[in-house]
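Me: Hi! I am new to reading protein models. Could you walk me through this one?

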Amino acid sequence: MKDARITYRRRHSYRTKSNKVRPVKTPGGKLVARYITKSAKGPACGDCHKTLQGLKRLRPAQFSRLPKCKRTVARAYGGSRCASCVRDRILRAFIIEEQKIVKQVLMEKLRKSKN
């Protein structure tokens with residue numbers, strides 16, 4: 001602890017990331033340790049790791065306590081993937097299906113030409 005005039009209020013006695021305090025003067029004129037909560041990183045896209053828009057930036061425990069409508073976005077993969085990654089996935093799936101159809105057509109042509 002930087003300021004020697006204050007002491008920790010909880011049983012955790014080491015200066016770690018989870019035990020940060022800030023000295024605050026009370027109305028009675030006493031210096032007291034106020035615990036600082038960690039800043040939230042917020043949910044990120046699983047593919048490109050960019051932060052997702054439209055979702056609250058909360059610590060994991062508070063985020064899990066939110067109602068489902070505030071944890072997601074009304075879209076396929078909403079709350080898990082960003083819009084551009086979803087678009088890429090849909091396009092990729094469509095192109096793969098198109099390639100399969102083209103392959104089938106070419107195989108049919110080959111069979112007809114052999115007969």
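**A first look at the chain**

Reply: Happy to! From the N terminus on, the elements of the protein chain run β-β-α-α-α, where helices (H or I, at least four residues) and strands (E, at least two) are DSSP runs numbered from the N terminus. This is a predicted model, in which local features need pLDDT of at least 70 and side-chain atom pairs count only at pLDDT 80 or more, while totals for chains, interfaces and linings use all residues. Residues are numbered from 1 along each chain as its sequence is written, and side-chain values use heavy atoms, leaving out hydrogens and water.

Me: What percentage of the residues in the protein chain is buried?

Reply: Each residue is sorted by relative accessible area: buried is under 20%, exposed is over 50%, and partly exposed lies in between (1.4 Å probe, protein chains only). Of the 115 residues in the protein chain, the buried ones make up 17%.

Me: Which residues form the largest nonpolar core?

Reply: In soluble globular proteins, nonpolar side chains tend to be buried together. A nonpolar core is a set of buried Ala, Val, Leu, Ile, Met, Phe, Trp, Tyr and Cys residues joined through side-chain atoms within 4.5 Å. Here the largest one has 5 residues: C45, L52, L55, C82 and C85.

Me: Which residues does C45 touch, leaving aside those up to four places away in sequence?

Reply: A contact means heavy atoms within 4.5 Å. C45 is itself a member of the largest nonpolar core. With residues up to four places away set aside, C45 touches K50, L52, S80, R81, C82 and C85.

Me: Where is H49, and is it buried or exposed?

Reply: H49 sits in the loop between β2 (31–35) and α1 (60–65). Its phi is near 65°, a positive value in a residue other than glycine. Most residues other than glycine have a negative phi. H49 has a relative accessible area of 62%, so it counts as exposed.
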